[in-house]
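Here is a friendly walk through one protein model. Keep the viewer open and follow along.

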Amino acid sequence: MGEVRGAHGTSSRLRVTAIASLTPLEELDDDPFLVDSRSQHAMCARWAAERGYVVTRELLVRGLRPDHCVLWEGVRPGRDLFVAPSLRVLSSALSSVEEFTAECVRRGVRVETVDRAEPSYDAQMKARVHRRLSMPTAGYDGR
């Protein structure tokens with residue numbers, strides 16, 4: 001599972017680009033999951049692992065144009081796919097989900113959403129996200 005046959009019969013794993021939303025820390029109380037990019041990427045990684053895929057890139061973006069080179073660098077038709085936790089995250093990460101989906105079709109690249117329940121954030125979880133994002137240079141790793 002998760003393998004693609006090449007032109008010469010060789011196989012290679014399908015590569016996954018996980019897309020997360022770069023949402024300002026100020027929105028933590030209103031929408032903690034959109035702020036918690038670590039949990040977004042973890043959700044994508046679990047989804048990929050369950051299918052035998054490998055996450056090779058993690059993007060953290062907000063309102064990115066669907067044709068932006070950062071999305072498409074090294075992406076190959078039939079060998080790569082994009083995944084986001086949900087349509088809601090994808091809508092925040094990209095300027096237009098519709099244009100991005102059309103671009104994926106045009107380039108022969110799949111786009112998927114995990115569509116699992118988002119974690120419920122209590123005050124303690126929000127505090128951990130806040131510490132991790134507000135002190136990234138102090139060596140705090142979020143645990």
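**Overall picture**

Please bear in mind that this is a predicted model. Its mean pLDDT is 87, and 86% of the residues reach 70 or more. Residues 1-11 call for caution: pLDDT stays under 50 there, and the model has 20 contacts beyond four places in sequence for this stretch.

The protein has six helices and six strands, and along the sequence they come in the pattern β-β-β-α-α-β-α-β-α-α-β-α. Of the 143 residues, 40% are buried. The accessible surface amounts to about 8,000 Å², and carbon and sulfur atoms account for 51% of that. Contacts reach across the sequence, too: of those between residues at least 6 apart, 72% join residues at least 24 apart.

In soluble globular proteins, nonpolar side chains tend to be buried together. Here, the largest nonpolar core holds 18 residues, and Val16, Trp47, Tyr53, Leu81, Val83 and Val114 have the most contacts inside it. Two or more residues each come from β3 (15-21), α1 (32-35), α2 (37-50) and β5 (80-84). Helix α2 gives the largest share, with four residues.

Beyond its neighbours within four places in sequence, Val83 is in contact with Val16, Thr17, Ala18, Ile19, Cys44, Trp47, Glu112 and Val114.

**Aromatic rings**

How many aromatic pairs does the count come to? It comes to four. A pair of aromatic rings is described by the distance of the centres and the angle of the planes. Two of the pairs are worth a close look.

The rings of Trp47 and Tyr53 are tilted, because their planes stand at 55°, with the centres 5.9 Å apart. Trp47 counts as buried at 3% relative accessibility, and Tyr53 is buried as well, at 15%.

Trp72 and Phe82 form an edge-to-face pair, 5.1 Å from centre to centre and with 80° between the planes. Trp72 belongs to helix α3 (residues 69-72) and Phe82 to strand β5, so this pair ties together parts that are ten residues apart in sequence. Both Trp72 and Phe82 are buried. Ring pairs also bring in Phe100, which forms a cluster with Trp72 and Phe82.

Is Gln40 buried or exposed? This residue of helix α2 counts as buried, because its relative accessibility is 0%. Leaving out neighbours within four places in sequence, Gln40 is in contact with Ala20, Ser21, Phe33, Leu34, Val35, Pro85 and Val89.

Pro77 is found in the loop between α3 and β5. Not counting residues up to four places away in sequence, Pro77 touches Arg107, Gly108 and Val109. Pro77 and Val105 are 28 residues apart in sequence, with 9.6 Å between their C-alpha atoms.

Lys126 sits in helix α6. Its contacts, again leaving aside neighbours within four places, are Leu28, Asp29, Pro32 and Tyr121. Lys126 and Phe33 are 93 residues apart in sequence, yet 9.4 Å apart in space from C-alpha to C-alpha.

Most residues other than glycine have a negative phi, and most peptide bonds are trans. Asp115 has a positive phi of about 55° although it is not a glycine. Its place is the loop between β6 (110-113) and α6 (123-134).

For a quick comparison, here are the accessibilities of the residues discussed.

| Residue | Relative accessible area | Class |
|---|---|---|
| Gln40 | 0% | buried |
| Trp47 | 3% | buried |
| Tyr53 | 15% | buried |
| Asp115 | 53% | exposed |
| Pro77 | 54% | exposed |

The cut-offs behind these classes are under 20% for buried and over 50% for exposed. Asp115, at 53%, is therefore exposed, and so is Pro77, at 54%.

Definitions and conventions
Residues are numbered from 1 along each chain as its sequence is written. Side-chain values use heavy atoms; hydrogens and water are left out. Buried means under 20% relative accessible area, exposed over 50%, partly exposed in between (1.4 Å probe, protein chains only). Contact means heavy atoms within 4.5 Å. Accessible areas come from the Shrake-Rupley method with a 1.4 Å probe; for residues, only the protein chains shown count as cover. A nonpolar core is a set of buried Ala, Val, Leu, Ile, Met, Phe, Trp, Tyr and Cys residues joined through side-chain atoms within 4.5 Å. Rings of Phe, Tyr and Trp (its six-membered ring) pair if their centres lie within 6.5 Å; planes under 30 degrees apart count as stacked, over 60 as edge-to-face and the rest as tilted. pLDDT is the predictor's confidence in each residue, from 0 to 100.
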